[in-house]
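Good morning, and thank you for coming. Please look at the structure on the screen while I take you through a few of its features.

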Amino acid sequence: MTAADLRERVERLLAEHDPATTDRLDFLRARYDAGLAWVWFPEGLGGLGLARGDQGPVDALLAEAGAPGNHPERNGIGLGMAAPTILRFGTEEQKKRFLRPLWTGEEIWCQLFSEPGAGSDLAGLATRAVPDGDGWVVNGQKVWTSGAHNAQLAILVARTDPDAPKHRGLTYFLCDMTDPGVEVRPLRQITGEAEFNEVFLNDVRIPDSQRLGEVGQGWLVAAATLDNERVAIGGAAAPREAGMIGKVARTWRERPELRTTGVHQQLVESWVDAEVARVTGVRLRQKLAQGQPGPEGSAMKLVFAGLAQRLSGLELELLAEDGLRYSDWTMVRPDRVDFTGRDAGYRYLRAKGNSIEGGTSEILRNVIAERVLGLPGEHRVDKDVPWKEIPR
């Protein structure tokens, strides 16, 4: 398909569904059906089998025409993690059932991975899925689940074979968060907000048709999800001086009375690091456009977390006691993650979570050492031990 053909397809969508008079959801469904949602996906699944780079011109034409968007900030886990995993490992029925309402935002997704007893060792999780008729019965507890209070569906990893070593006894499921037995409780954070949750699974029935991948191959599927997650967190497209560096640089320019030589030096060094990270993110997305994301996304997420924490601390140093004032401790349940919202005090506290969410910095350093740099792996005494025999 040529660029002219693609433009003609966009113009036909706009002619048949005038954004000024068409219901927002109807327009998004029509866009998906026209293959203009994510053009690099296959035909019939919201795409046209084109290169990922062809999406930019489509988005620009639709934005120019005033077409509604699908609010990706509300469904980051669905779009950035669930969708590419379903595309790669799902059956044709699963792709047709889940991808359209995911892209339009009719169904919001969350991620049931982390557990209180497993820490950063995802493969050590204890949530059990036991076969029962044509499905599975799931029991367990998940934690740090972003957006579970708004989600209709979840990607879930559960243990299906406790006799196997921990990486080989896992299976991946698509869980309906509205099913009986799913209980969501808020986790109030240091910011006062509760964007995270605990999720309790009590005799939750999941049909086998919602199993993603083979039984016992859940680690393989989860690893693909995690690669996409780290790209989504650390490698998002951003203009120069976006994010925390933009906040601090703007304060520096607008408040000359706060300037000191020491802070100036720190700001310059951080600005250079932020720009290097931004340009590296561009290269990472170009690599992503050519295939599946690699472990290099871990490096981007690691850099993002370190920069956010350093810059939020620098902002407090710059603002002195003004930066310590906090606007509101009222518990709210946001429907999206906002790393740079509200005031400097909020940004400083919220940045503390950056080195935990999406894989701890310690785990990411292991990934980089072993899978990027090719260094010897960390010694693991439980690698070939049946999970049920590992002390907990």
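This is a predicted model: local features need pLDDT of at least 70, side-chain atom pairs count only at pLDDT 80 or more; totals for chains, interfaces and linings use all residues.

In which hand does helix 9 cross helix 12? Helix 9 passes helix 12 in a left-handed crossing.

Two packed helices are described by the angle between their axes and by the distance between the axes. Here, helix 9 covers residues 296-319 and helix 12 covers residues 361-372. Their packing angle is about 145°, and their axes lie 9 Å apart. On the side of helix 9, the residues that take part are Glu-296, Ser-298, Ala-299, Lys-301 and Leu-302. They meet Ser-361, Leu-364, Arg-365, Val-367, Ile-368 and Val-372 of helix 12. By class, the residues of this contact comprise six nonpolar, two polar and three charged.

I turn now to the strands. Strand 2, residues 128-132, pairs with strand 3, residues 135-142, in the antiparallel sense, and five bridges connect them. One of the bridge pairs joins Val-130 to Val-137 in strand 3. Together the two strands form a hairpin with two residues between them. In that turn, Gly-133 has a positive phi of about 65°.

Which strand is joined to strand 3 by seven bridges? That is strand 7, residues 196-207, and the two run antiparallel. Lys-142, for instance, has Val-199 in strand 7 as its bridge partner. Strand 7 also pairs with strand 6, residues 182-187, again in the antiparallel sense, over six bridges. Within that pairing, Pro-186 has Asn-197 as its bridge partner.

Setting aside neighbours within four places in sequence, Glu-198 is in contact with Gln-141, Lys-142, Val-143, Glu-183, Val-184, Arg-185 and Leu-187. The C-alpha atoms of Glu-198 and Ala-148 are separated by 8.4 Å, although these residues are 50 residues apart along the chain.

My last topic is empty space. Rolling a probe the size of a water molecule over the atoms shows where such space is left. The second largest pocket holds about 200 Å³. It is lined by 15 residues, and the closest to its centre are Gly-117, Ala-118, Gly-124, Trp-387 and Arg-392. How does the lining of this pocket divide by class? There are five nonpolar, five polar and five charged residues.

Thank you for your attention.

How values were computed: Residues are numbered from 1 along each chain as its sequence is written. Side-chain values use heavy atoms; hydrogens and water are left out. Axes are lines fitted to C-alpha atoms, for helices over the stretch in contact, and angles run from 0 to 180 degrees between N-to-C directions. Helices (H or I, at least four residues) and strands (E, at least two) are DSSP runs, numbered from the N terminus. A crossing is left-handed if the near helix is turned anticlockwise from the far one by less than a right angle, and right-handed if clockwise. Contact means heavy atoms within 4.5 Å. Ala, Val, Leu, Ile, Met, Phe, Trp, Tyr, Cys and Pro count as nonpolar, Asp, Glu, Lys and Arg as charged, and the others, Gly among them, as polar. On a 1 Å grid over the protein atoms alone, a cavity is a set of points where a 1.4 Å probe fits but cannot get out, and a pocket is an open set with protein on both sides within 12 Å along at least five of seven lines; lining residues have an atom within 4 Å of a point. Grid points are joined across faces, edges and corners, and a volume is the space filled by probe spheres set on the points. Two strands pair if DSSP finds at least two bridges between them.
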